[in-house]
Amino acid sequence: MKFFPARFAIGSTAIAFALMSSVAQAAKPCVGASLPITGPTAWAADSIRMGVEVAMAEINAKGGVLGQRLNFVAYDDAGQPPRGVDNARRIAESDDCIAMFGGWHSGVALAVVEPVHDAQIPYIAVISAGTKITENDRKPNYMFRVSMFDRWQALALVRKSKEVTRSGNIGVLYEDTGWGQGAVPDLKASATSEGAKVVGYEVFKWDDRDMTAQLIRLRNAGVDTIILYSRDLEANQILRSMQRINYNAKIVSAWGNTGTLGELAGPLANGMIVLQTFTWMGDLKPRQKAVLDSIVSRYKLKSPEDIKHGSGAANAYDAVYILAEAIKTAGSFDRKKVRDALYTVKLDGIVQSYAPAFTPDRHNAILPENYVWTAWHEGKILPLGQTPYGK
């Protein structure tokens with residue numbers, strides 16, 4: 001994959017790159033983003049960029065929005081919340097963008113709630129799933145999401161775990177971040193509502209290399225199915241720790257493990273079930289296939305597997321079109337008018353049909369009935385039904 005520097009921008013015909021220390025004022029109207037352009041989840045930024053740029057290229061080729069071409073500017077947060085806050089302020093104030101997209105990390109998205117509302121700039125998360133990103137008690141609320149919603153994800157993970165467990169004993173293993181910690185209340189509520197027997201909750205930190213202690217406690221509690229919230233780096237270490245202690249529990253994972261786990265863990269990843277909002281693998285509808293062909297051609301990819309966070313690319317693509325429709329409905333690039341117009345958008349996207357995308361009581365566009373189950377098999381993450389583990 002191509003390396004993207006600290007900031008990138010897309011205009012009407014070409015992509016221009018510059019370092020953050022010497023960024024020129026972005027062309028208007030712009031959509032900004034704070035993404036992990038560098039660091040271990042840079043592939044997530046790549047995926048978002050693919051979806052955004054292809055959608056904007058399509059829109060701009062038809063004359064743009066309200067007669068103006070959309071532009072995309074993004075800054076690197078490297079997954080660090082303080083950098084996300086700085087980026088949000090830059091996007092809202094210096095770049096004067098109409099809206100802002102969020103990246104991979106829920107911790108960053110949670111940190112920008114305050115600057116987003118200070119600036120009254122619509123924010124649309126396209127990967128980060130933390131519940132309190134959109135449920136933040138702000139009125140009016142400027143935080144929206146075209147992505148997974150952790151409250152709904154937690155319920156799906158609990159239900160799937162109940163389905164696949166043999167003993168009925170389920171455990172939870174989660175990262176010590178805003179995303180992982182934020183998921184625990186949702187998981188506990190879902191387990192209670194579903195009558196699931198969760199007998200252990202274990203936590204780990206980013207970059208931990210040995211999860212043996214946590215796994216032994218789960219094993220000793222009789223857990224045969226683990227609900228996992230992690231990045232692929234830590235998931236790799238979890239799988240290797242399981243191998244060391246000969247622990248063969250099934251893993252039902254939140255969607256953090258859609259990127260490079262197959263490369264890192266090899267056959268150890270086989271059978272890990274992962275929830276997503278979209279997959280480019282398998283049979284696609286004509287429009288989905290056309291978008292995939294555009295992405296593959298534009299970025300010279302060898303196959304859909306090179307889109308390391310397929311859901312993020314698809315979510316971002318739909319988010320651009322939702323925002324564009326809101327701008328058209330608003331009849332201007334006024335942020336408040338655009339925010340209000342987001343409630344009126346009805347659109348046939350590639351992830352789902354939005355009718356409407358949002359309501360005042362629902363700032364999460366992708367509904368849980370459109371989530372899809374996938375699984376790692378022989379280095380690929382495939383629709384669950386196309387693997388031996390979906391039978």
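Buried means under 20% relative accessible area, exposed over 50%, and partly exposed in between, with a 1.4 Å probe and protein chains only as cover. This is a predicted model: local features need pLDDT of at least 70, side-chain atom pairs count only at pLDDT 80 or more, and totals for chains, interfaces and linings use all residues. Residues are numbered from 1 along each chain as its sequence is written, and side-chain values use heavy atoms, without hydrogens and water.

**View 1. K300 has a positive phi.** Phi of K300 is near 55°, and the residue is not glycine. K300 sits in the loop between helix 11 (286–299) and helix 12 (310–330). Helices here are DSSP runs of H or I with at least four residues, strands are E runs of at least two, and both are numbered from the N terminus. K300 is exposed because its relative accessible area is 72%.

**View 2. D96 also shows a positive phi.** The phi of D96 is near 55°. The loop that holds D96 runs between helix 2 (81–94) and strand 5 (99–102). D96 has 46% relative accessibility, so the residue counts as partly exposed. Most residues other than glycine have a negative phi, and most peptide bonds are trans.

**View 3. A cis peptide bond joins K139 and P140.** Omega is about 0°. P140 belongs to the loop between helix 5 (131–134) and strand 7 (143–145).

**View 4. The bond from A355 to P356 is cis.** Its omega is near 0°. P356 lies in the loop between strand 14 (353–354) and strand 15 (372–377).
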